[in-house]
Amino acid sequence: MIPYREELQGVFREVFGDDAIVLRPEMTSADFDGWDSLQHVTLMIAIETRFNIRFATAEISRLKTEGSTVGTMLELLRAKLADR
Amino acid sequence: MTVCTFSFVFGAFFVAMFFFLLPVPLRRWIFTLASALFLWTLVPNLSSWATLAAFLVSGWGVAYFVARKPSKSLLTGYLAVLLAAFVVLKKYAILRYFVAGRILEHPIGIVGLSFMLFRQIHFTVDSMEGQIQPFPSLWVYLNYQLSLFTLLSGPIQRFNDFRAWWEDPRPVHQDRHGLLWAILRVLVGVVLISLVAGFCQKLVHRALPSIGVLRMKDCFWVLVVFYAFPAYVFFNFLGYCEIVVGAASLFGLKLPENFNRPFFARNMIDYWGRWHITLSEWIRDYVFTPLYTALVRRRPTHAQFFAMVCYFVALFLAGVWHGATLNFVAFGLLNALGVAAAKLWEIQILNTGGRGALRRYLQSPRIGMLATIATFHFACFTMMFFTPDLALVAIAHLLRR
């Protein structure tokens, strides 16, 4: 079991309005319909609210760049929650 | 000196031949020397040198303070002063309504200032948010800002990517094939600028015998300008990027790509993810995201409305950043209109048919082709506002219809 994956999956389902979403670490933005800049920021705000954390500008940007995956997001999330 | 010159291209090839034979500290000195020589050809007078120094050193200094003790008010105040200085230095026409004309008659000319501004804002903001650690020396920062490969027109490289190379400048091409590919990229860039973009520019000049004067009576020539001018802008900038990305890679410096077949975009949101990518990403990170986040946190129920507002603010700023005349305002607002329309259309599909309808819509090849053709023509139309002369022609032609 991957820590925080279930919670993150809940946020994804809410933001993308799709209850069928099942997160896998290797998934990228290309695996989700309509993941554009606005959807990305909306997702980041929803994650911040759900986990009570704040992302830096560069972190939000990094999570949208090519090569970034759900696994990258989980790693950053875990690091943020560990620092709290 | 520009990058599409014999001295730049063959100078880069020549230095690259022995660059990696030198010890690492000497590689850095060679890079600094090359950047300094390049800059020397671009700065016209002593007042420009002094202003450039003040511009850059102030950015590093403020970043140093906010990195040690984060202060939103200090950063906001500094960015306001920086933007005001930028507007004066670039001699924005609108200033004539607010300040004495004498202020705008200064002799200062700094090539690449617009890109330095973006890098500086990124550096100060990221420093305060603890994303640039350890904090660099002024020397490294100046090398980042004045790098000969990104000085004139980008791509807008982020500081941490530059520093990774600076600390360990090693070859990125492991074999002869990679090296030849990089050299070919540079030469293709030269061809794109001098032949392809040059040809498109000639077509535009033929259609507009005297730039600035409306002499366009023939519909054929309207079409020529409609397609040739965007092609000129695209191939000229693509060629520039091919040269600097290819040449930088010979020194081991990996620059971000700026284009990804923009005229194959299926809507204007997609288009801005493919056209001048590093600019789009910068605007997304330092204008759109903070503004949208701040607004939505206050009133989450108004998220869709705020998104539209942020599109207009972000692309309006992107427009006026390109130039100091009113046509760039129109350019920015037209692009914002296109982006907002694409988002509203997507929301409409989601509201009426749900996620499945959006998926079917995005996967339909016929819709994809029509959407791409429509986006291409809309993007070409917005390009008519990329120079004051063509903006006049575009408006006059629309009115005549």
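1. Charges, to start: Lys and Arg count as positive and Asp and Glu as negative, with His and the chain ends not counted. Each charge is placed at NZ of Lys, CZ of Arg, CG of Asp or CD of Glu. On that basis, chain B has 34 positive and 15 negative charges, and their mean positions sit 5 Å apart.

2. A word on provenance: this is a predicted model, where local features need pLDDT of at least 70 and side-chain atom pairs count only at pLDDT 80 or more, while totals for chains, interfaces and linings use all residues. Residues are numbered from 1 along each chain as its sequence is written, chains are lettered from A and ligands numbered from 1 in the order in which they are written, and side-chain values use heavy atoms, leaving out hydrogens and water.

3. Chain B has 15 helices and zero strands (DSSP runs numbered from the N terminus: H or I of at least four residues for helices, E of at least two for strands). Its radius of gyration is 23 Å, close to the 21 Å from the globule rule for 401 residues, so chain B is as compact as a globular protein of that length. The radius is taken over C-alpha atoms, and the rule is 2.2 Å times the number of residues to the power 0.38.

4. Of the 401 residues in chain B, 51% are buried (buried is under 20% relative accessible area, exposed over 50%, partly exposed in between; 1.4 Å probe, protein chains only).

5. Now the interface. 22 residues of chain A are in contact with 22 residues of chain B. The two chains bury about 1900 Å² between them, 53% of it on carbon and sulfur atoms. On the chain A side, A:Asp33, A:Leu38 and A:Thr57 lose the most area to chain B, together 31% of what that side buries. Buried area here is the accessible area (1.4 Å probe) that two parts lose on being put together, summed over both.

6. Backbone spots to check in chain B: the peptide bond from B:Gln133 to B:Pro134 is cis, omega near -5 degrees, and B:Pro134 is in the loop between helices H5 (113-128) and H6 (138-145). B:Lys91, not a glycine, has a positive phi of about 55 degrees; B:Lys91 is partly exposed at 36% relative accessibility.

7. B:His276 also has a positive phi, near 45 degrees, but is buried at 3% relative accessibility. B:His276 sits in the loop between H10 (268-272) and H11.

How values were computed: Contact means heavy atoms within 4.5 Å.
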